[in-house]
Amino acid sequence: MSQLSQKHLLGIKNINRKDIDLIFETAKNFKEVINRPIKKVPSLRDVTIANVFFENSTRTKLSFELAEKRLSADVINFSSSGSSVKKGETLLDTVNNILAMKVDMVVMRHGSPGAPHFLSKHIKANIVNAGDGTHEHPTQALLDTFSIHQKYGSLEGLKVAIIGDILHSRVAISNIYALQKLGAEVMVCGPNTLLPKFISSLGVKVELDVRKALEWCDVANVLRIQLERQHIKYFPSLREYSLYYGIDKKMLDSLNKEITILHPGPINRGVELNSDVADSDHSIILEQVENGVAVRMAVLYLLAGVS
Amino acid sequence: MQRKLILDTELLNITVDRLCQQLIENHGNFEHTAILGLQPKGVFLAEIIHEKLEAATGTKIDLGYLDTTFYRDDFRRRETPVKANATKVPFIIEDKNVVIIDDVLFTGRSVRAALDAMIAFGRPRKVELLVLVNRKYSRQLPIEPDYIGREVNTMAWQKVLVELKAQGFKNNKIWLINKEEK
């Protein structure tokens, strides 16, 4: 099959292994396209895409916009600050107004978990979830797993540790689903206060000691401490977090194996990752960013093709 | 269901040899010529022709694969989208003579897409088209081949099926079949 099973990309939970394989295969071809002298293809020439961002974003928004432009789609951007949302308009009204301008696809980021799921029940356009609160961030998980896939050839049996603020991370949840669907073993690691209470019910290992997690894994996906979502204190200070959970080159060198480091960005250098790790050969952080455009091109292209 | 054999292994060999001779006649030692096989099936034919040409001329000839999926004009208009394949053009196309190779020429729309896809790699001096089977009277665009393996008169509902050893088939066989038959 060369078609996705879903009309929307709401979360990794909703898609199957075949969908992920198809997205990877298509992304591989788009990666070749974006490395050509002429990086644009005319595939979505007659498609209009609205990027609707109710929450701040830098790289996701840039990456989506670039992906859309590389596919020759018409792009409109909406951000909630200074918009009619501030005047009291509901989410559905805002989006319906945008769709009345004949928009075919909506890429949406929203602070409330489930917002894109709610929209998908009420509108006809294809929806891509670009992050809904602390719930899912499917394209980030796809680009993370695609980057691992590019390096290792397969994720089957690979051991991946997700380290950091799991509690507030939509990247973590989407990654867990994606990694498990691709056959990888998953461990989450962080201070007890930043691990969701029933996380092990997702079938992941739980580890509190970052050193043990690094010794166990082949790939470590290191997450940022999301201070903007933390309304109470989960640990005494950033310095203390960095002391116990920060990863530096010395720590990696003391392991008996090479591991690969991923980070969805933005990095807080000196907190979760030291510069000597972020800029080392272990890290594939910039490849993740490059792959992000290819993966988002694949997602948009394939969703546009769902009849 | 009726099936008619258009080319078998022996005839195909003779045809491909003839096509190679025609190419050599026009392109000499292929110093300024590159070959582009269209994904998915034109690639197999391009590889066969490339191998024969290199053996006959004793020179290295540029060979690339071109996928037209992202350039098609029927995306979102057909029931199931076409699956993308790899594009590999490991040489400069600028100012080269390019021979595009495909298995079957029907409406001409794939070749139109291929021209668009190719231009993304530069501006060739001249572009030619080689096809193994030319389905006459079925073109929807003003596109005609320069080198033809076999010409057939077909109805729109018929299909030309190419089975090559390189694809894993037992023998090289080109069939004319009714569309319902798989």
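B:Asn97 has its place in strand 4 of chain B, where strands (DSSP runs of E, at least two residues) and helices (runs of H or I, at least four residues) are numbered from the N terminus. The structure is a predicted model, in which local features need pLDDT of at least 70 and side-chain atom pairs count only at pLDDT 80 or more, whereas totals for chains, interfaces and linings use all residues. Residues are numbered from 1 along each chain as its sequence is written, while chains are lettered from A and ligands numbered from 1 in the order in which they are written.

With 18 other C-beta atoms within 10 Å, B:Asn97 is partly exposed; on this scale, which uses C-beta atoms placed from the backbone, a residue is buried if 20 or more other C-beta atoms lie within 10 Å of its own, exposed if 12 or fewer do, and partly exposed in between. When its neighbours within four places in sequence are left aside, B:Asn97 is in contact with B:His27, B:His32, B:Thr33, B:Pro124, B:Arg125 and B:Lys126, a contact being two residues whose C-beta atoms, placed from the backbone, lie within 7 Å. B:Lys126 is 29 residues from B:Asn97 in sequence, yet the C-alpha atoms of B:Asn97 and B:Lys126 are 4.7 Å apart in space.

Chain B contains an open sheet of five strands in the order 3-2-4-5-6, with parallel pairing; strands are taken to pair if DSSP finds at least two bridges between them. Strand 3 (62-66) and strand 6 (147-153) of chain B each have a single partner strand and stand at the edges, so one side of each is left without a neighbour in the sheet. Neighbouring strands of this sheet are turned by 25° against each other on average, direction ignored; the axes are lines fitted to C-alpha atoms, for helices over the stretch in contact, and angles between N-to-C directions run from 0 to 180 degrees. Strand 2 (residues 33-38) of chain B pairs with strand 3 of chain B in the parallel sense over five bridges, and in this pairing B:Leu38 has B:Leu66 of strand 3 as its bridge partner. Helix 2 (residues 42-57) of chain B packs on the sheet, where it touches strand 2, strand 3, strand 4 (97-105) and strand 5 (126-136) of chain B, and its direction makes about 145° with that of strand 2 of chain B. Helix 3 (residues 109-119) of chain B likewise packs on the sheet and touches strand 2, strand 3, strand 4 and strand 5 of chain B, its direction making about 150° with that of strand 4 of chain B. Elsewhere along strand 3 of chain B, B:Gly64 stands opposite B:Leu36, and four of the five residues of strand 3 are buried, which leaves the strand mostly covered.

The loop between helix 1 (9-27) and strand 2 of chain B holds B:Phe30, which has a positive phi of about 65° although it is not a glycine and counts as buried, with 20 C-beta neighbours inside 10 Å. In the loop between strand 2 and helix 2 of chain B lies B:Pro40, and the peptide bond from B:Gln39 to B:Pro40 is cis, with omega near -5°.

As a whole, chain B has three helices and eight strands, which run β-α-β-α-β-β-α-β-β-β-β from the N terminus on. The radius of gyration of chain B is 16 Å, in agreement with the value near 16 Å for a compact globule of 182 residues; the radius is taken over C-alpha atoms, and the globule rule is 2.2 Å times the number of residues to the power 0.38. Of the 182 residues of chain B, 38% count as buried. Chain B averages a pLDDT of 89, and 97% of the residues score at least 70, pLDDT being the predictor's confidence in each residue, from 0 to 100.

Chain A comprises 11 helices and nine strands. Its radius of gyration is 19 Å, close to the 19 Å given by the globule rule for 307 residues, so chain A is as compact as a globular protein of that length. Buried residues make up 46% of the 307 residues in chain A. A cis peptide bond, with omega near -10°, leads from A:Gly265 to A:Pro266, and A:Pro266 lies in the loop between strand 9 (260-262) and helix 10 (275-278) of chain A.

Between the chains, 16 residues of chain B are in contact with 14 residues of chain A. The side of chain B that touches chain A consists of nine nonpolar, two polar and five charged residues, with Ala, Val, Leu, Ile, Met, Phe, Trp, Tyr, Cys and Pro counted as nonpolar, Asp, Glu, Lys and Arg as charged, and the others, Gly among them, as polar. For the complex, the predictor gives an ipTM of 0.73 and a pTM of 0.87.
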